[in-house]
Amino acid sequence: MIIDQVLAASIALTTPILLAAMGGLVNRQGGIVNIALDAKMLAGAFVAVVVSSATGNWFAAILAAAFVGASVGLVFSLVITRAGANMIVAGLGLNVLVAGVLGFILNWFYDSSGTLRLQDVALLPHIFGDGVKDIPIVGLTLSRLDPLTIFAWLTVLCLPWALANTRAGLRVRATGNAPKVAHAMGISELRVQDGTTMFAGFFSGLAGAHLALASIGLFNEGLTAGRGFIALAAFYFGRDRPVTTALVCLLFGFLDATQIRMQTAGLPPKLIGTIPYLMVLVALCIAGWRNRRTKDQLA
């Protein structure tokens with residue numbers, strides 16, 4: 001059934017965008033616009049494949065990917081908060097730097113020009129297996145659910161409460177929305193921003209691990225395909241609200257799944273492949289127009 005396949009593909013393709021968006025959302029709540037999500041996803045994907053092949057353990061692989069993502073995030077944060085670099089320029093630079101370093105490692109250590117295929121890569125397991133495959137409409141989706149997909153959606157449910165009710169969440173929001181008040185309360189803005197940037201890196205690393213280990217079990221230099229920027233657009237359009245952002249991510253995942261299906265129908269793949277990115281531009285335009293209208297109403 002086409003509906004079953006599109007639904008299952010939509011959920012799977014939403015997961016990496018959703019993970020990166022949740023991390024970026026918290027980072028923005030803390031006052032940092034993180035456009036380097038793509039770099040951390042790419043680093044996480046590479047490490048996930050290498051560790052999975054070396055250990056044969058998918059859980060160790062995603063932990064390593066998350067740790068590397070958080071480490072890259074910390075470096076990114078220190079460049080901004082301590083060295084005073086412009087966060088947009090620093091983010092662009094980090095994306096280029098990570099892609100260049102990984103390209104060098106592939107060429108120097110693995111004698112590869114863009115794709116890394118290793119033996120015995122352990123993929124993410126399917127939680128429910130084929131036993132639920134016969135359930136109408138959602139059976140195929142349930143049979144392909146992996147731990148990171150479930151974790152991503154649990155995060156969507158828990159994050160609103162955590163930001164509104166926990167000490168850490170309130171400190172993050174105070175730092176991003178009222179830095180002078182946060183400073184007067186004795187909150188270390190720089191430490192909070194470092195923490196949220198590491199959080200974004202942690203989730204982006206998991207997003208990269210999902211891209212590499214959900215089904216293909218390999219690393220490619222173009223594996224992220226700009227999904228870090230799509231995640232950025234998602235939480236902008238979702239106004240930093242986890243549930244709204246998740247719904248936007250789901251829309252992008254659905255468009256991605258649909259364009260893949262349309263390519264198999266014989267339509268021009270290059271042209272059809274632009275649909276998700278075209279929708280990102282439309283979403284950003286709508287978000288910009290909405291912000292201007294809000295400011296005009298307040299003026």
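Helices here are DSSP runs of at least four residues, numbered from the N terminus, and the model in which they are found is a predicted one.

**View 1. The largest pocket and the helices that line it.** The largest pocket has a volume of about 570 Å³. Of the 26 residues that line this pocket, Ala8, Ala9, Ala12, Leu13 and Ser215 are the closest to its centre. Helix H1 (2-29), helix H9 (189-213) and helix H11 (242-264) are the elements that each give two or more residues to the lining, and H1 gives the most, with eight residues. Sorted by class, the lining of the largest pocket consists of 15 nonpolar, seven polar and four charged residues.

**View 2. The largest nonpolar core.** This core has 66 residues, and those with the most contacts inside it are Leu213, Phe219 and Phe252. Helix H2, which covers residues 37-55, gives the most to this core, with 11 residues. Apart from this core lies another, of five residues, including Val172, Ala182, Ile187 and Val192.

**View 3. The contacts of Phe219.** When its neighbours within four places in sequence are left aside, Phe219 is in contact with Leu42, Ala45, Phe46, Val49, Leu102, Leu106, Gly114, Thr115 and Leu116.

Terms used. Residues are numbered from 1 along each chain as its sequence is written. This is a predicted model: local features need pLDDT of at least 70, side-chain atom pairs count only at pLDDT 80 or more; totals for chains, interfaces and linings use all residues. Side-chain values use heavy atoms; hydrogens and water are left out. On a 1 Å grid over the protein atoms alone, a cavity is a set of points where a 1.4 Å probe fits but cannot get out, and a pocket is an open set with protein on both sides within 12 Å along at least five of seven lines; lining residues have an atom within 4 Å of a point. Grid points are joined across faces, edges and corners, and a volume is the space filled by probe spheres set on the points. Ala, Val, Leu, Ile, Met, Phe, Trp, Tyr, Cys and Pro count as nonpolar, Asp, Glu, Lys and Arg as charged, and the others, Gly among them, as polar. A nonpolar core is a set of buried Ala, Val, Leu, Ile, Met, Phe, Trp, Tyr and Cys residues joined through side-chain atoms within 4.5 Å. Buried means under 20% relative accessible area, exposed over 50%, partly exposed in between (1.4 Å probe, protein chains only). Contact means heavy atoms within 4.5 Å.
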